[in-house]
Amino acid sequence: MLLNWISSLINTGKIEQSNIGIQNNYSSEVKTLLESLNEHFYDGKISKTFELLNAAIDKHKHKESKYYLLLKKAEYFLELRNLEKTKEILGLLNKDYNEYANRRYKEFLLSIYSAERKEKDFFELVRDLRAEKDDIKSNDYFKIIFYLNSGNIEESKKLFNSLSKEKQEKNHLIAGHIFSNSYNYLNKNEEDLKKANTYYKLVLETNPSFLIKLHIKGFFIQIIINEYFRVKKEFKNEVVIEYKELLDKLLEAEKFLNQQYINELKNFKAYLLLILDLKNDYIDFYEKNSEILFDEHYLQYCNYKNININHSLIQKKVLQNYKVLLIYSSLLLIKNENTKIILSYFNKNTELLLKSDTIIYFYVFASINENTVISKNIANYINSNLEKNLELYFSHLLLKKNENKKIENIEITTLFNFLEKTNILNDIIFEVIDFLMEVKKSELYIKLAILKQNEFKNLIGYILKKCYEDKEIKISDFENFIKAIKDKSNYYGHIADVYFKFNRLDKAFEFYYKIWEKNKNIISAKNVLITGLHNFEKYKNRLSEENENEVLYYLQSIQKELDFTDINLISYFNLFVNRDVNNAFGIINKKILSLNIDELDNENKMQLASMYFSSITNFKDREIDGFQKNTIYYKNKNYYLDKELFQDVHEIYLKKFKILLIDKLEINKISDDKTYEQKSLFHSIINEILETVDSPYFKVMKVDWGIEKPFEDLQKILSSQNLQSSNLIKKYSEGKEIGFWSLSKGYDKYFNLIVKLLEKENLNFNSCRVNFKDKNTPKLLTLSSIIFLNYWDKLDTVLKREDVYIQKSTFDYLLSYKEKLNKENELLYVFEEDGKLCKNIITKKQITLFLDNLKKIINNIAYVKIIDDTKSTLLFKESFSITEYIGIQEYHAIALSFEKNYQLITEDRMLEVIFEILKFNTTMISNSLSLLKREDIIDLGITLHKKNYKYVFDITIIQSLLDNLINLLINSDITTNKLPEKVINLLNILNDYGFLEKRDRLKICVK
């Protein structure tokens, strides 16, 4: 837009009535007419004003009356910035009406002189005016007006700032124009913007004229447009629409404006249509004004019309107009068929690139994306001017990265310094974020987002997307970002998704529930329920039973709107979390019976199969059978079902499955008839389709009870699983890095696994190394070491140490396992051995013995020693995937060890491997021998070594043993006296560890 300027120098900012009040020599009719014209003009009815004014000029023959009418016309043209028309009328008045020349006429001349920068003429006329009247404005005032209107913004601002506070407050419009021009055309100083905003608001409170209102609001709209295209900043549509209405009103009087002003206004209107996304209006407006709008809007017009760009035409304009050059070069940021054409053009005209460092960035960005060679001139220019600005420095880093050169930390620091101090383009900031992610500097793009969150419309959402994708991001950085978001309500879903991926299910649940509270629908309800289900499956506890059931009941109330997967979800939740068997099977059975089950896709069949097997393994028959909504009766190869309970049954069940629908009275009779077999409706149906399920996770089979060997398929499966399990144990024993979780797939099996490793002579127990830490370092005892120490009757002693702590997740597991065993009368395990199907029954007596032992372990653990690890998470997002190999308790233990600097005590070598891979301090993990007294370790160490356990000694003990043994050997006659067996055993251990190259060298007689 044009500079804001002052057209009326003596009376500013108000609707003036000219000098009508002091005129006595022309008719009251003209005076009344001028007052009426002013009302029309200052209300924006410009065409009507000129129509009435021209008619009056033609009508009036009285010379003095005509003078004032012409003078008013000059005033209106001046207000409309049509200097040529104003000068034309003033020239006529000077020639033919000179005898009537007054101060108002001279005031208009001052405006013309200031606009044309005629400083000498301007101040000579000021002197004349001051000679005529003493109470005219001060010299400083006229200097400010001259510099303001002539475009010398710095001088006008300097003079204004030198005025006293009292004088500065006398004219808000002038002050507003000074600071708005300073902001727009000098350095975008925020203080200038603040002052312009303050003064302009004061002017608007006085209900100014139409044109003054248009110019003031135009300043604010210009900022909206700039910020929208720079950072995609949101704005209030109604504010822009209100201004557009003012602008349309002015353009209705287009014929009274000069062409330059018309061009400015029409370009401005085109931008308004763009940001308001009025696509059709934009296209229509462009086509009617293409000559005016071509330079700034041709490319956008081509995009909206979906037509090819005429590169030859636009390239001619590029040479003539910098703004066209900048817009044309910005197309390099969009990868399409135009990119190579534009790159080719700039490679032939590199001098154009040097006109703007922003254009150079566009060029570098596109060249890298298109894998084309960078001009040597441009590369040299970038290298010679690195520290000049963000665009060049970032271009330099992009080129280094593209050449696979290492980006140094100092370079990242320099880049960030630029980012903190610079007004960044929307297109650059998102590329910088991608760059920082690629060079593994997630903490910096988080910091950048916090710094710039108010400037960029889509920045928060983009960063949350990066947090979701970035495998290197730390949860602490992510949570710092979340705390800094000023309005989180629009991002609850994104935040919850990231927390879910971090496995912070409690936080994910919190934010999913916030979405549900805002917008109760199927998706928000499912997210809450799925998160609660995941948490329950992993930790066996509820995040919020009240909130989970709230969304569950909502979903149950709209079952007709749910798809098959949704129905399966609420049934699964009812079954395994609420343990509401009747409701769970009632819901899923109703859905299954209404469908042709043979036509279900494989994914849905897999869901049913999963629920089928999970219910069998987690519930006893008596817990599933007998419920009204899950009961079907069977006799003579027919099934009988309550037709009142299940009213929508697909015909396939009647034909293929031979289900007979009977009324409630018949059902009651059948239920009392022992010749009918009562079955689980769900399992009966799913058993018929299991063999059709194609699943990579489990092998399914249908049991045929009518053949001689109904368990033959089951035996094959168990045999295969047994072989796989045996192979894993064998590989572990041979030194392969396999964790206890992979060997057992369940903590209840840790007890037998550790005993088996200790007692089987053909198996090696590959534990961690021994690392002693003093009592200042807290120790975290994991389940494997608890079981191990309890086996050797050392647990009680170890738990008395002040520096030993237990995980809450482990303690909770032990309690829940104890409760589970309390309810069992016997445990049944089916397995294959030597080609035969075998079963092992653990009796109530055996369970009681084991339970007593378990209670002893639990009772030894003081509550003050229990550390809550359930929310501890490793800082990198993909970390939770390691639970596939180590189990959830071990995962939390590693995380807590890292967070709180605990030494981890475990017998699971896999945890030590993870420490090594993550480059954690490996002295902060140890097997449980480090917790025993030195004198106890040697005897136990010898025993353990015989059972193929390692490692039993750390380097300090080994060094001490060697010193003692050397002294013993030196002082003993080994040719005549055999060494004690204990010493021989210790030497064997040292030899096995590689500390003795050959036992023969010491000439030791070993039993």
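Helices (H or I, at least four residues) and strands (E, at least two) are DSSP runs, numbered from the N terminus, and two strands pair if DSSP finds at least two bridges between them. This is a predicted model, in which local features need pLDDT of at least 70, side-chain atom pairs count only at pLDDT 80 or more, and totals for chains, interfaces and linings use all residues. Residues are numbered from 1 along each chain as its sequence is written, and side-chain values use heavy atoms, with hydrogens and water left out.

**Stop one: the parallel sheet**

Select the 5 strands that form an open sheet, in the order β10-β7-β6-β11-β12, with parallel pairing. At its edges are β10 (866-867) and β12 (925-926), each of which pairs on one side only. Now pick β11 (residues 903-905): 2 bridges join it to β12, and the two run parallel. Show Ile905 and you'll find it opposite Ser926 in β12.

**Stop two: the antiparallel strands**

Jump to β1 (residues 631-635). It is joined to β4 (residues 677-680) by 4 bridges, and these strands run antiparallel. Click Tyr634, whose bridge partner in β4 is Glu677. β1 also pairs with β2 (residues 638-642), in the antiparallel sense, over 3 bridges. Here Lys635 has Asn638 in β2 as its bridge partner. The hairpin of β1 and β2 has 2 residues between the strands, and Asn636 takes a positive phi near 50° there.

**Stop three: helix α10**

Next, select residues 172-187, which make up helix α10. Its 16 residues reach 22 Å from first C-alpha to last, close to the 22 Å expected at 1.5 Å a residue (the expected span is 1.5 Å times one less than the number of residues). At the N-terminal end, Asn171 is the cap: a side-chain oxygen lies 3.2 Å from the backbone nitrogen of Leu173. The buried residues of α10 include Leu173, Ile174, Phe179 and Tyr183. Just after the helix, Lys188 takes a positive phi of about 50°.

**Stop four: Lys514**

Buried, partly exposed or exposed: which is Lys514? Lys514 is partly exposed, because its relative accessible area is 27%. It lies in helix α30 (residues 505-518).

**Stop five: the cores**

Switch to side chains. A nonpolar core is a set of buried Ala, Val, Leu, Ile, Met, Phe, Trp, Tyr and Cys residues joined through side-chain atoms within 4.5 Å. The largest one has 232 residues, and those with the most contacts inside it are Leu250, Phe346, Phe478, Ile592, Tyr653 and Ile686. Helix α12 (residues 210-231) supplies the largest share of this core, 11 residues. Apart from it lies another core, of 67 residues, among them Leu753, Leu757, Ile914 and Leu929.

Now centre on Phe346. Leaving aside neighbours within four places in sequence, Phe346 is in contact (heavy atoms within 4.5 Å) with Leu325, Tyr328, Ser329, Leu332, Leu352, Leu353 and Tyr363.

**Last stop: zoom out**

The protein chain has 52 helices and 13 strands. Of its 1007 residues, 51% are buried.

Technical notes. Buried < 20%, exposed > 50% of the residue type's maximum accessible area, 1.4 Å probe, protein only. Polar contact = N/O pair within 3.5 Å; in protein donor to acceptor, adjacent residues only side chain to side chain.
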